[in-house]
Amino acid sequence: MVSSKKQLAPAQGAALLNTLKSRFQKNPDRHKGLVWSKVQAKLEANPEKLWSLNEMERTGGEPDVVGYDDKTGEYLFFDCSAESPKGRRSVCYDWDAQESRKEHKPANNAIDMAAAMGVQLLTEEQYRALQQLGNFDMKTSSWIITPAAIRELGGALFADFRYGNVFVYHNGAQSYYAARGFRASLRV
């Protein structure tokens, strides 16, 4: 059970660390030059971040380390599931979009779900960087952070990978589809 401080029970934390370690070891091209023991130490020192990674895992994101920021000393995790995480699909972009629907409102929205999980949606730059590590969203698509000027006009951006290329599109922020969710990033 998760406490109000958003921490995992010891057994749950240990199980997640084992899952993350296994994924780290199976995908060395995602994090060249990084050492798991240092990542694990950072995670163990930040239980609230481990809780957020568990939320990413629980909703189907398969988070993995994709980089290290020398300036901040933080490891960067992205959702690395082959398709947009199943537990985060059929959502519109944000609360305003969700509320604007007169009928057939989705149960949730990407921005609020990410905030509740303690994560961020990927930016376009991050989404493109993810695609350098493999082929993701070949059958699905993912909402990405949308510039305020586009959002103010009612739109939102999403991206996918088709025909060997990343495509970034626009849609009404209130739209939602069974094959569109969102990918998250987390700094630890």
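**Notes on the largest pocket and the helix packing**

1. Starting with the pocket: the largest one is lined by Q7, L8, A9, P10, G13, A14, L17, L43, E44, P47, L50 and W51. A pocket here is an open set of points on a 1 Å grid over the protein atoms alone, where a 1.4 Å probe fits, with protein on both sides within 12 Å along at least five of seven lines; lining residues have an atom within 4 Å of a point. Helix 1 (10-26), helix 2 (36-44) and helix 3 (47-58) are the elements that each give two or more residues to this lining. Helices are DSSP runs (H or I, at least four residues) and strands likewise (E, at least two), numbered from the N terminus.

2. A word on what you're looking at. This is a predicted model, with local features needing pLDDT of at least 70 and side-chain atom pairs counting only at pLDDT 80 or more, while totals for chains, interfaces and linings use all residues. Residues are numbered from 1 along each chain as its sequence is written, and side-chain values use heavy atoms, with hydrogens and water left out.

3. Back to the pocket. Its volume is about 150 Å³, meaning the space filled by probe spheres set on the grid points, which are joined across faces, edges and corners. Helix 1 is the top contributor to the lining, with four residues.

4. Now helix 1 against helix 3. Their axes come within 10 Å and cross at roughly 65 degrees; axes are lines fitted to C-alpha atoms over the stretch in contact, and angles run from 0 to 180 degrees between N-to-C directions. The two helices are therefore roughly perpendicular (65 to 115 degrees; over 145 counts as roughly antiparallel). On the helix 1 side, Q12, G13, L16, L17, T19, L20 and R23 make the contact, and on the helix 3 side L50, L53, N54 and E57 do. Contact means heavy atoms within 4.5 Å.

5. Helix 1 also packs on helix 2, at an angle of about 150 degrees with the axes 11 Å apart. That makes the pair roughly antiparallel. L17, L20, K21 and F24 of helix 1 meet W36, V39, Q40, L43 and E44 of helix 2.

6. Last, a look at N171, found in strand 6 (residues 165-172). What does N171 touch, not counting residues up to four places away in sequence? The list is W143, G154, G155, A156, F158, Y177 and R180. The C-alpha atoms of N171 and Y93 are separated by 9.6 Å, though the two are 78 residues apart along the chain.

Notes. Parallel < 35°, antiparallel > 145°, perpendicular 65-115°, else oblique.
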